[in-house]
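This report is meant for a reader who has not seen the structure before. It goes from the overall fold to single residues.

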Amino acid sequence: MSEKALSPEKIAEARKEFDFFDTDGSGEIGFREFIELLTVLSPKTKASHVKEGFGLIDKNSDGSIDFEEFLEWWQQSWWEY
Ligand SMILES: [Ca+2]
Ligand SMILES: [Ca+2]
């Protein structure tokens with residue numbers, strides 16, 4: 001897929017998801033919050049894959065997923081469905 005731009009609607013949708021999973025309202029999705037997110041999105045994910053997946057999304061490796069990182073991932077996973 002070369003089409004990478006998301007419509008404002010899709011971004012707003014991602015924002016809603018992001019806020020939903022950012023349960024402590026820190027503006028970032030921490031590892032614990034990420035586990036909850038995955039439990040909802042793909043309940044069959046193995047524990048080892050959770051860490052791997054988190055590392056993939058957390059591009060700057062600061063231990064949490066900010067909205068930019070989330071959006072990038074959201075964008076990719078959107079196309080897979
Ligand atoms: Ca948080
Ligand atoms: Ca990060």
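Two residues are taken to be in contact if their C-beta atoms, placed from the backbone, lie within 7 Å. Among contacts in the protein chain between residues at least 6 apart in sequence, those joining residues at least 24 apart make up 44%. The model is a predicted one.

## Overall make-up

The protein chain has 4 helices and 2 strands. Their order along the sequence is α-β-α-α-β-α.

The protein chain has 81 residues, and 11% of them count as buried.

## Helices H2 and H3

Helix H2 covers residues 31-41 and helix H3 covers residues 47-57; their axes come within 11 Å and cross at roughly 115°. Angles of 65 to 115 degrees count as roughly perpendicular, so H2 and H3 are roughly perpendicular to each other. The crossing of H2 past H3 is right-handed.

On the H2 side, the residues that meet H3 are Phe31, Phe34, Ile35 and Leu38. Their partners in H3 are Val50, Gly53 and Phe54. By type, the residues of this contact between H2 and H3 are 6 nonpolar and 1 polar, with no charged residue.

## The nonpolar core

Which residues make up the largest nonpolar core? It has 7 residues in all: Phe18, Ile29, Phe34, Leu37, Phe54, Ile65 and Phe70.

Ile65, one of the core residues, lies in strand S2, which spans 64-66. Leaving aside residues up to four places away in sequence, Ile65 touches Glu28, Ile29, Phe34, Ile57, Asp58 and Phe70.

## Ser61 in a loop

Ser61 sits in the loop between H3 and strand S2.

The phi of Ser61 is near 50°, a positive value in a residue other than glycine. Most residues other than glycine have a negative phi.

## Gln75 in helix H4

Gln75 belongs to helix H4, which runs over residues 67-80. A residue is partly exposed when its count falls between the limits for exposed, 12 or fewer, and buried, 20 or more. With 16 other C-beta atoms within 10 Å, Gln75 is therefore partly exposed.

Gln75 and Ala14 are separated by 61 residues in sequence. In space, the distance between Gln75 and Ala14 is 8.7 Å, C-alpha to C-alpha.

Note on methods
Residues numbered from 1 in each chain as written. Chains lettered and ligands numbered in written order. Predicted model: local features only at pLDDT ≥ 70, side-chain atom pairs only at ≥ 80, totals over all residues. Axes fitted to C-alpha atoms, helices over the stretch in contact; angles between N-to-C directions. Parallel < 35°, antiparallel > 145°, perpendicular 65-115°, else oblique. Left-handed = near helix turned anticlockwise from the far one by under 90°. Nonpolar A, V, L, I, M, F, W, Y, C, P; charged D, E, K, R; others polar. Core = buried A, V, L, I, M, F, W, Y, C linked by C-beta atoms within 7 Å.
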